[in-house]
Amino acid sequence: MPNEEKQIREALDAHWRASAAGDLNAEHDIYQDDAVCDYPQSGERIFGRKNLQALRSHHPGKPSGFNIRRLTGNGNLWITEYTINYQGKPAYTVSIMEFRDGKVVHETQYFADPFEAPAWRKQWVQQTA
């Protein structure tokens, strides 16, 4: 792994640890001041690290659990799949982060609720949870 990618991976590990611990200052160290974060499902765009941190600090349902399922990437594009528990309910989440000079300049986050696996496809799948 090239040195810059190693530094990004270490920054991501620190970011997700801080997110899970509720440390808002450390969580937002990874972002450029002019970072943009998109929530495509709600049509929202957050401009700037300060606004992103303020938005997250006012979330009424503080996360009560956090589990990284997979973190992968190279160069300036990194993807994290994780689960956040809000008020006892899991939100399956994908974060796509684009880096500039070792910090996130753009993030897109997708959130999905769990759903019951339909019986009709049971013969072709293995249940993982």
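How many salt bridges does the structure hold? The structure holds eight, a salt bridge being a side-chain nitrogen of Lys or Arg within 4 Å of a carboxyl oxygen of Asp or Glu. The model is predicted: local features need pLDDT of at least 70, side-chain atom pairs count only at pLDDT 80 or more, and totals for chains, interfaces and linings use all residues. Residues are numbered from 1 along each chain as its sequence is written, and side-chain values use heavy atoms, with hydrogens and water left out.

One of the salt bridges pairs Lys6 with Glu10, at 3.7 Å from N to O. Both residues belong to helix H1, which spans residues 3-21. Helices (H or I, at least four residues) and strands (E, at least two) are DSSP runs, numbered from the N terminus. Lys6 and Glu10 are four residues apart, so about one helical turn separates them. Lys6 has a relative accessible area of 43% and is partly exposed. The relative accessibility of Glu10 is 46%, so Glu10 also counts as partly exposed. For these classes, buried means under 20% relative accessible area, exposed means over 50%, and partly exposed lies in between (1.4 Å probe, protein chains only).

A salt bridge also joins the side chains of Asp33 and Arg49, with an N to O distance of 2.5 Å. Asp33 sits in strand E1 (residues 31-39), whereas Arg49 sits in helix H3 (residues 49-57). The pair therefore ties together parts that are 16 residues apart in sequence. Asp33 counts as exposed because its relative accessibility is 56%. Arg49, at 22%, is partly exposed.

Arg45 and Asp38 form a further salt bridge. Their closest N and O atoms are 2.5 Å apart. Arg45 is partly exposed, with a value of 48%. Elsewhere, salt bridges with shared partners link Glu27, Arg56 and Glu107 into one network.

Glu116 lies in the segment that follows strand E6 (103-112). Its relative accessibility is 72%, so Glu116 counts as exposed. Glu116 and Ala26 are 90 residues apart along the chain. A distance of 36 Å separates their C-alpha atoms.
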